[in-house]
Amino acid sequence: MWSAVMDAPFGKVGIRVAASQVREIVYLPRSSALIAPDTPLAQQAVTQIERYFAQPYAAFDLPLADLGTPFQRRVWHAISAIPQGQVLTYGQLAQQIGSVPRAVGQACGSNRWPLVIPCHRVVAANGIGGFAHHAGDDFFRQIKGWLLAHEGVLRFAA
């Protein structure tokens with residue numbers, strides 16, 4: 001199922017690759033078993049994610065699978081333009097792309113490549129907001145808080 005499962009400061013990260021593309025990156029609980037990378041691309045993903053955990057301004061350069069609807073890809077492109085250490089609200093991002101906050105939130109939650117496409121940088125107008133379609137899940141909210149704090153956005157620290 002996974003091409004690699006690696007340690008993360010908040011648990012584990014699962015990576016799935018196929019056909020020379022990263023198909024998915026998923027946050028997993030600490031109890032998940034580690035899996036050594038089974039392809040050079042999986043190793044490349046692990047290396048780049050480890051670099052990000054060590055230095056939040058590290059850039060990603062991974063071939064992502066061509067997935068998602070045209071609208072989702074447009075939202076993901078806009079998310080990718082948010083600089084490290086900064087956040088936009090769902091409403092601000094929606095205004096930028098000519099949409100509505102709820103649709104932006106749904107596209108954020110459907111992002112298959114968190115960290116690479118940093119959806120954690122999109123927050124609610126009145127707080128941290130949901131994360132990965134897990135709005136009420138403390139595990140995912142803590143991950144989002146950790147990622148924002150790691151990038152210097154301390155007002156959302158977990």
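In the predicted model, tryptophan 146 is partly exposed, with a relative accessibility of 25%. Its ring forms an aromatic pair with phenylalanine 10, in an edge-to-face arrangement with 5.6 Å centre to centre and 65 degrees between the planes. Tryptophan 146 belongs to helix α5 (residues 138–150), whereas phenylalanine 10 is located in the loop between β1 and β2; the pair therefore ties together parts that are 136 residues apart in sequence. Phenylalanine 10 is buried, at a relative accessible area of 9%.

The structure holds eight aromatic pairs, and one aromatic cluster comprises Phe10, Tyr27, Tyr52, Phe53, Phe60 and Trp146.

Three strands make up an open, antiparallel sheet in the order β1-β2-β3. Strands β1 (4–8) and β3 (21–28) form the edges, each pairing on one side only, and the twist from one strand to the next averages 25 degrees. Strand β2 (residues 11–18) is joined to β3 by seven bridges; glycine 14 has valine 26 of β3 as its bridge partner.

Helix α1 (residues 40–54) lies across β1, β2 and β3 and runs at about 10 degrees to β1. Within helix α1, glutamine 48 is buried, with 6% relative accessibility. Beyond residues up to four places away in sequence, glutamine 48 touches Ala59, Phe60, Asp61 and Leu62.

Terms used
Residues numbered from 1 in each chain as written. Predicted model: local features only at pLDDT ≥ 70, side-chain atom pairs only at ≥ 80, totals over all residues. Heavy atoms only, no water. Pairing = 2+ DSSP bridges. Helix = DSSP H or I, 4+ residues; strand = E, 2+ residues; numbered from the N terminus. Axes fitted to C-alpha atoms, helices over the stretch in contact; angles between N-to-C directions. Contact = heavy atoms within 4.5 Å. Buried < 20%, exposed > 50% of the residue type's maximum accessible area, 1.4 Å probe, protein only. Phe/Tyr/Trp six-rings, centres within 6.5 Å; stacked < 30°, edge-to-face > 60°.
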